[in-house]
Amino acid sequence: MRILLIDDEIVALDALKKRVDWVKYGFSEVLTAQDAATARAFLEKDRVDLVLCDIEMPGEDGLSFVEYVKTKDPATECIMVTCHADFNYIKKAMKFGVKDYILKPIDYEELD
């Protein structure tokens with residue numbers, strides 16, 4: 001299985017990649033992107049099983065990216081990771097079929 005982690009903050013992205021034992025959950029490949037454009041390029045080549053995506057990023061935001069993902073491949077699960085506990089964001093994420101909405105700073109035990 002493949003997972004795609006997307007966050008414009010490199011420190012957050014590196015922590016997310018390193019602090020979770022993705023192999024333990026069956027992920028053989030962990031892809032990372034700092035923006036939606038790079039993430040879209042990954043998805044044009046191959047599918048991923050899970051996307052963990054920040055909401056606010058330069059360029060395309062995470063919510064519109066997740067809408068694209070679910071349109072392209074509805075079987076891909078998506079989880080939003082953000083510092084915004086905004087009801088409108090949560091409502092929109094639910095509309096797109098997001099599996100979970102995790103607030104930053106990430107509680108890695110909860111994520112695990």
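Leaving aside its neighbours within four places in sequence, with which residues is Phe65 in contact? In this predicted model, local features need pLDDT of at least 70 and side-chain atom pairs count only at pLDDT 80 or more, whereas totals for chains, interfaces and linings use all residues. Residues are numbered from 1 along each chain as its sequence is written, and side-chain values use heavy atoms, with hydrogens and water left out.

Beyond those neighbours, Phe65 is in contact (heavy atoms within 4.5 Å) with Leu4, Ile6, Ala36, Ala39, Arg40, Leu43, Val51, Cys53 and Glu60. Phe65 also belongs to the largest nonpolar core, which has 23 residues. Such a core is a set of buried Ala, Val, Leu, Ile, Met, Phe, Trp, Tyr and Cys residues joined through side-chain atoms within 4.5 Å; buried means under 20% relative accessible area, exposed over 50%, and partly exposed in between, with a 1.4 Å probe and protein chains only. Leu4, Ile6, Val51, Cys53, Phe65 and Met80 touch the most other members. At least two residues of this core come from each of strand 1 (2-6), strand 2 (29-33), helix 2, strand 3, helix 3 (62-72) and strand 4 (77-82); helices (H or I, at least four residues) and strands (E, at least two) are DSSP runs, numbered from the N terminus. Helix 3 gives the most to this core, with five residues. Another core lies apart from it and has 15 residues, including Val20, Val81, Ile106 and Leu111.

Attention now turns to Lys104. This residue is placed in the loop between strand 5 (100-103) and helix 5 (108-111). With a relative accessible area of 18%, Lys104 is buried. Its side chain makes a polar contact with that of Asp7 at 2.6 Å. A polar contact is a pair of N or O atoms within 3.5 Å; within protein, one must be able to donate a hydrogen and the other to accept it, and residues adjacent in sequence count only if both atoms are side-chain atoms.

Lys104 and Asp7 are also among the residues that line the largest pocket, together with Ile6, Leu52 and Tyr108. Helix 1 (10-19) and strand 3 (50-53) each supply at least two residues of that lining.

Asp46 lies in the loop between helix 2 (36-45) and strand 3. Asp46 counts as partly exposed because its relative accessibility is 40%. The side chain of Asp46 makes a polar contact with the side chain of Arg2 (2.9 Å).

How values were computed: 1 Å grid on protein atoms, 1.4 Å probe; cavity = no way out; pocket = protein on both sides within 12 Å on 5 of 7 lines; lining within 4 Å.
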